[in-house]
Amino acid sequence: MVFYWYVIVSLVSIMFYYLRPVWYSVYFSYVRPLFKWILRKTTRLCELQRICYGENHGARRSLGVEYSLSHSRRYELQELIKFLNKMAVERKLHGNGLMMSVKGSVDTILLVKKINPTVHVSFVKAISRCIEHIWGYRQLKQEITLLARTQYDAENAEHEEKLLRLWQMLKPDVPLNSRVTKQWQTIGFQGDDPKTDFRGMGILGLDNLLHFASEYPTTAQHVLQHSLHPQYGYAFAIVGINLTSLAYHLFQDDAAKTIVYNSCKSLPSINVFHHFYCYLFYEFDRVWMESKPCVMDFSNVKTKFENNIRSLLSNSSVLLKTDLSIDIV
Ligand SMILES: *[C@@H]1O[C@H](CO)[C@@H](O)[C@H](O)[C@H]1NC(C)=O
Ligand SMILES: *[C@@H]1O[C@H](CO)[C@@H](O)[C@H](O)[C@H]1NC(C)=O
């Protein structure tokens, strides 16, 4: 008897497992539309309106709108998504291009969902901000990728100027003897010319370091002091470039979406990426100094650190810390 039950239960679970694509399609073709239809009839609001009225500005609202739009079966909305994706990839969402895209998108949504804009003024406002969030984030990912692929070029005056400014910000009292010098090692580069150290993350690594050093000079200099600790020290610039790579991946796999949607009022710009990076560096330094590791522990400490950050980011209420000051005792 028990044996038969066992066989039946196994067969049913196998069937469920292998028919997953069927269940998904049943859900998205029949169950979800039916629920949406019932809710629409009872609340007189479409799903997008229920999300915009039900959630405050931030990750929960924008993620809800993103999900709803991406599962829409309406042809007009699917075309709209394709158009916005293209605008984001081509990085045309700014100024006039942004204004026209958002306005056009909202008009399409109002038309398709038969919403009266004079009655639902706050819906129009909310959905506009969500569109800026969703496609601004996609555009930002594209921008970050391009910067990461731009290699540091010693012939490029702009790159050289940034590098020298990084030195001035971190070591305001120490002049650089020459462009190529062992002094670079005192801020954690490997050799006497930093240009090769940027290989992995391109100019994005330098932009991040420079942002940290110029927006949070006191904190950056404290962190640099920690990195020179005789026992627990680490290579400031090299670790910094490694954290650029962490920030980059957290953006690419969308883990950072929550914090970006919660921190930006409208279109996310590269500054939110830089700011997120500063926060990572600040936190990493704190965790590193607290765990009193040796240089060989870098991989372990970093893995643990990354897991903690990921679990923090999975909370849709997560906020970007803006006060990065270090208490000195
Ligand atoms: C950062 O450090 C990790 C762990 O040591 C390593 O696997 C990774 O390749 C490094 N990334 C970069 C860009 O240096
Ligand atoms: C998520 O973050 C909010 C705000 O920081 C906090 O109040 C809440 O406890 C967090 N939730 C979880 C499950 O960690």
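This is a predicted model: local features need pLDDT of at least 70, side-chain atom pairs count only at pLDDT 80 or more; totals for chains, interfaces and linings use all residues.

I counted secondary structure first: the chain has 14 helices and zero strands.

Mean pLDDT for the chain is 94, and 99% of its residues reach 70 or more. Which elements have the lowest and highest mean pLDDT? Helix H2 (residues 20-43) is the lowest at 86, while helix H7 (residues 121-149) is the highest at 98.

Overall dimensions: I got a radius of gyration of 25 Å, whereas a compact globule of 329 residues would come out near 20 Å. Along the principal axes, the C-alpha atoms fill a box of roughly 75 × 65 × 40 Å. I find 31% of the 329 residues buried. Of the contacts with a separation of 6 or more, 74% join residues 24 or more positions apart.

Then I picked H10 (residues 217-227) and asked which of its residues are buried. My list is Ala220, Val223, Leu224 and Ser227. Looking down the H10 axis, I see these buried residues within an arc of 105 degrees, so they line one face of the helix. What covers them? The cover on H10's buried residues includes helices H8 (157-170), H9 (202-215), H11 (236-252) and H13 (270-291).

Next, a helix pair. Helix H3 (residues 47-54) packs on H7 at about 90 degrees, and the axes are 10 Å apart. That angle makes H3 roughly perpendicular to H7. On the H3 side I noted Leu48, Gln49 and Cys52 making the contact, and on the H7 side Phe123, Ala126 and Ile127.

Last, backbone angles. Most residues other than glycine have a negative phi, so I went looking for exceptions.

Aspartate 254 is one entry: its phi is positive, about 70 degrees, and it is not a glycine. I place aspartate 254 in the loop between H11 and helix H12 (257-263). Is aspartate 254 buried, exposed or partly exposed? It has 14 C-beta neighbours inside 10 Å, so it counts as partly exposed.

Lysine 292 is another entry, a residue other than glycine with a positive phi near 40 degrees. Lysine 292 sits in the loop between H13 and helix H14 (298-313). I count 10 other C-beta atoms within 10 Å of lysine 292, so this residue is exposed.

How values were computed: Residues are numbered from 1 along each chain as its sequence is written. Chains are lettered from A and ligands numbered from 1 in the order in which they are written. pLDDT is the predictor's confidence in each residue, from 0 to 100. Helices (H or I, at least four residues) and strands (E, at least two) are DSSP runs, numbered from the N terminus. The radius of gyration is taken over C-alpha atoms; the globule rule is 2.2 Å times the number of residues to the power 0.38. A residue is buried if 20 or more other C-beta atoms lie within 10 Å of its own, exposed if 12 or fewer, and partly exposed in between; C-beta atoms are placed from the backbone. Two residues are in contact if their C-beta atoms, placed from the backbone, lie within 7 Å. The arc is that of the directions from the helix axis to the C-beta atoms. Axes are lines fitted to C-alpha atoms, for helices over the stretch in contact, and angles run from 0 to 180 degrees between N-to-C directions. Angles under 35 degrees count as roughly parallel, over 145 as roughly antiparallel, 65 to 115 as roughly perpendicular and the rest as oblique.
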